[in-house]
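Good morning, colleagues. Please turn to the sequence and the structure on the screen.

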Amino acid sequence: MSLRKPMRSIEESAHLSRWRGYTVETCVLCTGLGLCTLCIPSLLAGPLVIVVALLLSRTARVPSRAWLKMFLGGFGFALLSIVPLAMDIRLQGGLALELDHEGLRRGLLALTRSTGTLSATLLLVFTTPFPKLLGLLRHLRVPALVSDLLVLVYRQIFLLDETSARLRRSLACRGGTGSSASLRRSLSLGTAALFVHSLQRASRLEAGLASRGSLDGSVRFPQERFAVQPAVLAAALAIPALLATLVMFGKARLGY
């Protein structure tokens, strides 16, 4: 499956978002939503964060279809984590599977926390362009090695995906996908070719960086300035705080 379409949909949405100029405020908001679902031991936190993140994404004019597609993919993966936590295997008198109620509760809590955090993360990446996030990390004095690695990985995703698309087209033109048997052979050959190509590209990239003197940290990027609007920042702080209050009130009244 190609990564180009979902990755480009995220970047296109971020650059067209109404929040693209509020990098600091958006990061504060999404961090608060993530802390709300992670720090409050309640089954209500995750679903409420998901609902709030979805509503806020509509306010920022994020395409609902793309957001939900990415969220449901992660939700399905997280849903599988409940099975090993909720089932208890007993060997006495033969193999038997039993429902572990305590494990089920922990699994549901893990599910709500992971999906709530996922929704906050998706809200961030769908509304804030990657260069803005990178500039904020550099402004916060994140080690240059980490930020440079993020840039290289981000760039490499698109380059390898383009190479993979060319390999698939080449195989299709040569009849390498005509049957299931040929498709299996072509898949292994294409994967091997893509792996070799990634190593060669990484080697050329390292040589290019070394020729520019960037491997020893001598290259410096200009620091981007971020203008913070107090009213927007106050709203970004107030939304997670109100949501946390609502979750704690619901936990006190409902008991979970």
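I shall go from the overall fold to one helix pair and then to one further helix.

Please keep in mind that this is a predicted model. The protein holds 10 helices and two strands. Read from the N terminus, the order is α-α-α-α-α-β-β-α-α-α-α-α. Of its 256 residues, 31% are buried. As for the contacts between residues at least 6 apart in sequence, 75% link residues that lie at least 24 apart.

Let me turn to the helix pair. Helix α2 covers residues 23–39 and helix α3 covers residues 45–59; their axes come within 8 Å and cross at roughly 160°. An angle over 145 degrees counts as roughly antiparallel, and α2 is therefore roughly antiparallel to α3. Which residues of α2 meet α3? On the α2 side they are L29, L33, C36 and T37, and their partners in α3 are A45, G46, V49, V52 and L56. Sorted by class, this contact of α2 with α3 comprises seven nonpolar residues, two polar residues and no charged residues.

Finally, consider helix α8, residues 144–173. How far apart are its end C-alpha atoms? They are 44 Å apart, and this agrees with expectation, because 30 residues at 1.5 Å a residue should span 44 Å. The buried residues in α8 are S147, Y154, Q156, D161, T163, S164 and A165.

Thank you for your attention.

Conventions
Residues are numbered from 1 along each chain as its sequence is written. This is a predicted model: local features need pLDDT of at least 70, side-chain atom pairs count only at pLDDT 80 or more; totals for chains, interfaces and linings use all residues. Side-chain values use heavy atoms; hydrogens and water are left out. Helices (H or I, at least four residues) and strands (E, at least two) are DSSP runs, numbered from the N terminus. Buried means under 20% relative accessible area, exposed over 50%, partly exposed in between (1.4 Å probe, protein chains only). Contact means heavy atoms within 4.5 Å. Axes are lines fitted to C-alpha atoms, for helices over the stretch in contact, and angles run from 0 to 180 degrees between N-to-C directions. Angles under 35 degrees count as roughly parallel, over 145 as roughly antiparallel, 65 to 115 as roughly perpendicular and the rest as oblique. Ala, Val, Leu, Ile, Met, Phe, Trp, Tyr, Cys and Pro count as nonpolar, Asp, Glu, Lys and Arg as charged, and the others, Gly among them, as polar. The expected span of a helix is 1.5 Å times one less than its number of residues.
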